[in-house]
Amino acid sequence: MTQDQERVVSAFASLSSEQLRNLYGAALRFPPAFTFADTAFELCMRRWDDLSSEEFTACFELVKGNLMSMYKNSTLGWSSKKKMAEMKENGLIYILLKLETATAGFISFMVTVEEGEVVAYCYELQLPESLRGRGLGKALLNMMEDIALQAGVPKSMLTVFSSNPAQYFYRSLGYAPVEHSPRAKNLRKGVVKQPSYYILGKSLL
């Protein structure tokens, strides 16, 4: 990591939740209360350490419910303790989608350096099945990308299990495997072995 890159990453990670809202609140596109697909939602943007215990638990339960089986069937394996620690990494920002007072979905990301590039790395984009297919996932991802652009970050990245149908959603929005992503392998008799996961990236410029 160069000194310039370190300054960009450190500057973003040091912002308080209030500073984030003041600087990048317009990127959320919606007012704090809005109606989307005939449903009333609220948006909140916070550093991970400003989440309430109820909000963090709701986010974790979404991840567990959506991904635990995929983790178990991958080379990574599932550990609640490790996943919780990952969801509390320094610099992580959460945009929460609230339905009444409950956390109904969220996206979490941080500005970091991957393979020599400053990127906005999406850690999680999670919605319950009942809220999928309404454009909410795309809206949350667009918010992250807009914030990254305003912060001078030219690229976004994420990791997705090859068994997760969400990879096709990401690919439809311009994400593609980066150079260091695991790749599919061609085996005998035309059999193709997919890796456990892909690392996808997208230029935001």
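Predicted model: local features only at pLDDT ≥ 70, side-chain atom pairs only at ≥ 80, totals over all residues.
K155 belongs to strand 6 and E117 to strand 5, so the bridge ties together parts that are 38 residues apart in sequence.

K155 has 18% relative accessibility and counts as buried, because the cut-off for buried is under 20%. E117 has a relative accessible area of 35% and is partly exposed.

## Other salt bridges

The count of salt bridges comes to eight. One of them joins the side chains of E124 and K83, at 2.9 Å from N to O. This pair also links distant parts of the chain: E124 lies in strand 5, K83 in helix 4, and 41 residues separate them. How accessible is E124, buried or exposed? E124 is buried, with a relative accessible area of 4%. K83 is buried too, at 3% relative accessibility.

Elsewhere, salt bridges link R46, E55 and K98 in a network.

## The largest pocket

The largest pocket holds about 970 Å³ of space. Its lining comprises 36 residues. L67, E124, Q126, T159 and N164 lie nearest the centre.

Which residue classes make up the lining of the largest pocket? There are 20 nonpolar residues, nine polar and seven charged.

## Elements around the pocket

Several helices and strands each supply at least two residues of the pocket lining. The helices are helix 3 (53–72), helix 4 (80–86), helix 5 (136–150) and helix 6 (166–172). The strands are strand 5 (117–126) and strand 6 (155–161). Strand 5 gives the most, with six residues.

K155 and E117 join strand 6 to strand 5. E124 and K83 join strand 5 to helix 4.

## Aromatic pairs

The count of aromatic pairs is nine. In one of them, the ring centres of Y121 and Y123 are 6.0 Å apart. The ring planes stand at 80°, so this pair is edge-to-face; planes over 60 degrees apart fall in that class.

Y121 is buried, at 11% relative accessibility. Y123 has a relative accessible area of 21% and is partly exposed. The cut-off for buried, under 20%, separates the two.

F60, Y71, W78 and F161 form one aromatic cluster.

## Charges over rings

Two contacts place a charged side chain over an aromatic ring. K88 lies over the face of F56, at 4.9 Å from the ring centre. What sits over the ring of Y198? The charged end of R171 does, 5.0 Å from the centre of that ring.

Note on methods:
Residues numbered from 1 in each chain as written. Heavy atoms only, no water. 1 Å grid on protein atoms, 1.4 Å probe; cavity = no way out; pocket = protein on both sides within 12 Å on 5 of 7 lines; lining within 4 Å. Points joined across faces, edges and corners; volume = space filled by probe spheres on them. Helix = DSSP H or I, 4+ residues; strand = E, 2+ residues; numbered from the N terminus. Nonpolar A, V, L, I, M, F, W, Y, C, P; charged D, E, K, R; others polar. Phe/Tyr/Trp six-rings, centres within 6.5 Å; stacked < 30°, edge-to-face > 60°. Buried < 20%, exposed > 50% of the residue type's maximum accessible area, 1.4 Å probe, protein only. Lys NZ or Arg CZ within 6 Å of the ring centre and 35° of its normal. Salt bridge = Lys/Arg side-chain N within 4 Å of Asp/Glu carboxyl O.
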